[in-house]
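User: Please take a close look at one chain and at how it meets its partner. I would like the criteria stated along with the values.

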Protein chains: 2
Amino acid sequence: MSKNLTKRADDYSKWYNELVVKADLAENSAVRGCMVIKPYGYAIWEKMQAELDRMFKATGHQNAYFPLFVPKSLFEAEEKNAEGFAKECAVVTHYRLQNDPDNEGKLRVDPEAKLEEELVVRPTSEAIIWNTYKGWIQSYRDLPILINQWANVVRWEMRTRLFLRTAEFLWQEGHTAHATEAEAIAETEQMNKVYAEFAENFMAIPVIKGVKTESERFAGAVDTHCIEALMQDGKALQAGTSHFLGQNFAKAFDVKFTNKEGKLDHVWATSWGVSTRLMGALIMTHSDDQGLVLPPNLAPFQVVIVPIYKSDEQLEAITAVVSKLKSSLENNNISVKFDDRDTYRPGAKFAQHELQGVPLRIAIGPKDLENGTVELARRDTLTKEVVSIEGIEEKISDLLKTIQSDLFQKALAFRESHITEVDNFDDFKNTLETKGGFISAHWDGTAETETKIKELTKATIRCIPYDSKIEAGNCVFTGNPSKQRVLFAKAY
Amino acid sequence: MSKNLTKRADDYSKWYNELVVKADLAENSAVRGCMVIKPYGYAIWEKMQAELDRMFKATGHQNAYFPLFVPKSLFEAEEKNAEGFAKECAVVTHYRLQNDPDNEGKLRVDPEAKLEEELVVRPTSEAIIWNTYKGWIQSYRDLPILINQWANVVRWEMRTRLFLRTAEFLWQEGHTAHATEAEAIAETEQMNKVYAEFAENFMAIPVIKGVKTESERFAGAVDTHCIEALMQDGKALQAGTSHFLGQNFAKAFDVKFTNKEGKLDHVWATSWGVSTRLMGALIMTHSDDQGLVLPPNLAPFQVVIVPIYKSDEQLEAITAVVSKLKSSLENNNISVKFDDRDTYRPGAKFAQHELQGVPLRIAIGPKDLENGTVELARRDTLTKEVVSIEGIEEKISDLLKTIQSDLFQKALAFRESHITEVDNFDDFKNTLETKGGFISAHWDGTAETETKIKELTKATIRCIPYDSKIEAGNCVFTGNPSKQRVLFAKAY
């Protein structure tokens, strides 16, 4: 377990890549752009999944599972969606390998086993799902359909980075069908709100809720809502999206229903998703030069206990005390690991748990046994104190809540200090280069201006925030009239 | 919701297919051999997942995630494994589609986007995982590795059936690495035992634990342990397998470690899995001509409450009582659905819940309100009784335990009465044709005899049971000496 982590100030991107690997979260695999999510990283993802799943079910959704493959003819049915994903999809063309006659012991694709129709590995599942919904929906009585799927998807990205952009990633995708436009829009907004609450209350990541501009919309959507987070290096990260799909997919797949008045109409749709990309947001919101910092809600274990001993008798005495302490903490719903490995020294253990972001560390040695104390260290502040073991459960329980809340407040303060209102393009460029973060500026509403600004600065419009007030102004680039400010940033 | 289910006695296979679709468990999709798992079916699968996941973690395993794709060169590394799966795998050859110049609005594979090396969609993950473990294992201190993965896999089966044999299916696959042969064998046996406990205690499916013959082994395994269940139609179903892989994969991927004595050795391996096939076993163990019968442990909701009313006032009065009853049951950890849909009549609701196997149904009407009673119906026995609403929580809680246990006992009695010892081949054939079930017979231990019997009768050796006693005998087919009986059956 070598630490030697690159400092964030020296090379943020290198720091990120090293941290992901050294903290045992994920690593690159033998397959270009595909990652292996290691047990420690996966345990964090499982905690996200469990909480999101709870929230989806609490809002009336059920899980289901649809095929991994999308036949090409279905894939191309919704034109914009197809156009958006065609350039980066994995295509299955054959269903068998055979011995290679020219290469003893090697296999090759069997040319006889070519599929009549190619199968696209799903980059997203609207096509296969709406083709299925067609068979499920006849009448208003069959609506709404409120379904979520936990799945893997594949997008053949050219430049990949662990968690942030990988060819295969894990996600959930909600796909709902409604009788009215208003109901579908309400669902779109509701799920974006669910994502925001999850990010803020569970992951301690402050986010801005808003709507995407036309050019940043999901391919096939009428409107894309999103939550945008700000990373420590001043770049934004889109943490979740919720799309109002109008009747686009219903029309592409001919999904109609008889409404209460007996009239036939196309069904209204939404889709919404978050992915293992959230792991990237988590890391780049809270972590520091010592490694990962985890909000207690997401920590695979919230407390690690390290025994400090020289003799077997000492370890035995410590273990007796720790066993009681561990059960007592667990009874208070605190997850605890007793790290009694005899293959590593305490120093190495401290370094590892710091690197892996365990919120609280308890060290206990023979002196502590005499005094009825332990040493308690906070990962987020890197502070230590000696505390009495008596009543420590309550102290730890309180501290975990404090850490969860402190992490959010710290990230929020950073985010708030990194939203800059600018009113001319020099300030825009200057702020972007020197300070980073979100730039709140007027925009004339055209895709042309948006593209121009992106070409010149690499900044994109992250969203039109829900709470952006209507006010007359002039576009920061063209000077043309604008009715509200939008948020620009460089983004992951 | 049309019932009209084919009777099992008329056509068991048709009954099964109809039941899966009509009970809203799953359906075929637009992709050949791939199914859609519908919300009700998926909710049952989620219950299986949760319990298995708990059991895996209780035995020290962690979850992780490995890539969907296996590069061809890795896929072919372990020769027997490759040979076993090469004939039925989906192969990705391209990573982009483009507009078809000959076909306006259509897409085609972009010939420029051919992969340098083809990717196999994982049919199982030993290859990609052992190629990863190579980087994780240097010393005995890195062992054991105890990892499980929840994932989708693809095997291009020619003849598919919902849940039982599908091109894509969901499963879990455990992959463990050990320092010693003994430890790996113990792990193989432990996980087979975990599967047996899960099947019997949680799914109420009696199983026989045993070991596969060489010809029925997993491709690449030294030994395959399994649990075998018996379906109502007298055919066996392999419900789970646990493989001792020896050093085969460690050798194929060159995974060595330094042991405590400082010597280099190849790592020992196991893998084990169960899949959505268990849904098929569940259906064919407990269900009847009226539809699905669910053990309470697996029911998405254990109790359904149907109001019987003519006026809105009646519904209101019933709802008031039901709300209290529902919370009170939920406080006793009983899951309840109040089916107050006004779009269906009570008769249609009864039929649907019977078809979907809800363990207990409560009907409550105005008379019941007067008398302080409800009508309580058991799905497994199709019996009804009028009971007092007072103290009903305890009665229901007890009844659910009784149903769980009764279902197991009923299936066990059926299984026990369908293990037939035979000592000559005429009896063998006769029993197989007239009675079905497991046939316990002596076998000379050769693959030749096994194949011959399979050709003549379609029966295969399901397993050599753990508890098969060593006794001298003569092979039921060749008359050659045999040292123990094995279990034959026709199988799914």
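Analyst: A residue counts as buried if 20 or more other C-beta atoms, placed from the backbone, lie within 10 Å of its own, as exposed if 12 or fewer do, and as partly exposed in between. By that criterion, 48% of the 492 residues of chain A are buried. This is a predicted model, in which local features need pLDDT of at least 70 and side-chain atom pairs count only at pLDDT 80 or more, while totals for chains, interfaces and linings use all residues. Residues are numbered from 1 along each chain as its sequence is written, and chains are lettered from A and ligands numbered from 1 in the order in which they are written.

Chain A has 14 helices and 26 strands (DSSP runs numbered from the N terminus: H or I, at least four residues, for helices; E, at least two, for strands). Its radius of gyration, taken over C-alpha atoms, is 26 Å, close to the 23 Å of the globule rule for 492 residues, so chain A is as compact as a globular protein of that length. The rule is 2.2 Å times the number of residues to the power 0.38. The C-alpha trace of chain A spans about 80 × 70 × 55 Å along its principal axes.

The contact between the chains takes 56 residues from chain A and 56 residues from chain B; two residues are in contact if their C-beta atoms, placed from the backbone, lie within 7 Å. Strand 5 (residues 91–94) of chain A runs antiparallel to strand 5 (residues 91–94) of chain B, joined by three bridges; pairing requires at least two bridges found by DSSP. There, A:Val92 stands opposite B:Val92.
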